[in-house]
Amino acid sequence: MSLLVIEDLSVAYGQIEALRGVSLTVESGEVVAILGANGAGKTTLMRAISGLLPKRRGAVRFDGTDITRAPADRIVCLGIAQSPEGRRVFGTLKVEENLALGGFTRSAHEIRQGLETVFGMFPRLAERRDQLAGTLSGGEQQMLAIGRALLARPKLLLLDEPSLGLAPIMVQSIFRSLREIAASGVTVLIVEQNVRSALKLADRGYVLEVGRIVHEDSAARLLASPEVQAAYLGKAHT
Amino acid sequence: MPGISPSRSAPKSPARASRALWPLLWVAGLTVPAVLDSSWVSIAAMFAIYAVSALSEDVILGRGGMFDMGHAVYFGVGAYATAILNTSFGWPILATLPAAVLLAAAAGALLAGPLTRLRGDYLLVATIGFNSIFVLTMQNDPGGVTGGSDGITGIGVPSLFGFPLASQSAMFWLDWVVLGIVLLLMRNLDRSEFGRAQRYLKQDELAAGTLGVDARKVKTQAFALGAGLAGLAGTLFAVQLSTVSPASFVFTESVTLFAVVIVGGPGSVPGVLLGTALMFVVPQIFRDFAQYRYFVFGIAMIAVMVLRPQGLWPQRRRRA
């Protein structure tokens, strides 16, 4: 049984349909990448999965449970956590408080365990645990946003543009950590504009264009495909 | 979240000093009837009542970040509940108190239904609408129980174990004790899961949503709690004046409560108390100039918003 099944999902902002009949599956333990240009509907898809946007049509099932109409807080409790686009850390709270907040649905004991895990994974956060999150660099804030999502102990981690606005060296470091997270058994669904990094991390990928899935393949084949290369990797058709 | 970091548990001494200061100030307040004349006692009683009311507005506006410009409704529901149950149904005053709190809380939770779907300025306009409806309803005397524009007079005095709290001093002590209880509650609110959820939501609703904070639930609870506390203040208000009328719960009263929180310092208990004192006590001292109250306060509001937008006594940074 697939961990996440999305069938014919449509999401609209008023009259404008941002997603038009998207279907995809994520198997347990997989890393799946969603690729697409600006405005393709990637962030809409992530927010719809998390229950932050109402769905117009279609169904979302997670771990055997229908979550199409479930509220956001219940979806977190069921095991889906999101590191949102633009990081959205709580700037006036300390690093450690931001992380603890990620465990809002968890017990104090689980939060302590989670903090240890995240500090082990991101030593820079451990160094800055008492610093206000607003004073961190962009890359550190991204680590914090990912760490915060991990504190919810998700079975499925949603990552919305983790490389957005980061220096190339920081992107490398973030993706190294993501590889580590995936290796620890967390299933990952990642949305990225940095197609090369995303496909190197992922097992499979979907290409989203103006609200529709137009390609689906293994990450290796997508990386090699002329269409993807032309559209996203800046290489001309050969 | 207790005990996450041992490094933070050692309190700094100024914080400890101020923690000891507040209970002392409250105890000192108890002596007001012994050292000041009766007009001051009634000013102090009104301060306590309006402080409870302003703190209840702070639960929604300051801590919840929801622009509630109709808070006088809940204050009024409490006052009318006490007045009607006492004069028409013969309930003892103290027995009407829980009823007033529950009715006001229920009104808050009910209105939260449509209100929590709205944001910012839209929510504000809707609360103004509710306030107008409330005042009009009271004026039109539904069922012959609200007394129309004249309101209800002859509200009894509370009695405790058979002793009537008829004197100005006894009523002041009742108000002061209620204020003390509400202050304790506000302190605990800061440390509660509900209080934390409110802070997260206020800062970033989307981020809080991705972490499992149920926004609608927390906002509805904020309205119910804020409204319930306002209802409590409403009971005290009805008892203090022994009369209620629609004029006490009009839109401008809501504006005043709103301004007290914003000028004093949203989310800050000392700030809200300071704002209450400035708005309700200072005008009493300069009673001869009372008509300049809004003029002076208006200028003060503009000055504070320009020079000190975080409020006169802002909320200090708290741990999550």
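Two residues are in contact here if their C-beta atoms, placed from the backbone, lie within 7 Å. The model I am showing is predicted, so that local features need pLDDT of at least 70 and side-chain atom pairs count only at pLDDT 80 or more, while totals for chains, interfaces and linings use all residues. Residues are numbered from 1 along each chain as its sequence is written, and chains are lettered from A in the order in which they are written.

Let me begin with the interface, where 27 residues of chain A are in contact with 18 residues of chain B. On the side of chain A that touches chain B, helix 3 of chain A gives the largest share, five residues, and the elements that give two or more residues also include helix 4 (108-121); helices (H or I, at least four residues) and strands (E, at least two) are DSSP runs, numbered from the N terminus.

Turning to chain B, the axes of helix 3 (residues 38-60) and helix 7 (residues 168-191) of chain B, which are lines fitted to C-alpha atoms over the stretch in contact, with angles running from 0 to 180 degrees between N-to-C directions, come within 9 Å and cross at roughly 25°. That makes helix 3 of chain B roughly parallel to helix 7 of chain B, a term that covers angles under 35 degrees.

Which residues of helix 3 of chain B meet helix 7 of chain B? Among them are Ala48(B), Val52(B) and Leu55(B). Leaving aside its neighbours within four places in sequence, Val52(B) is in contact with Val178(B), Leu179(B) and Val182(B), among others including Leu229(B).

Key: Parallel < 35°, antiparallel > 145°, perpendicular 65-115°, else oblique.
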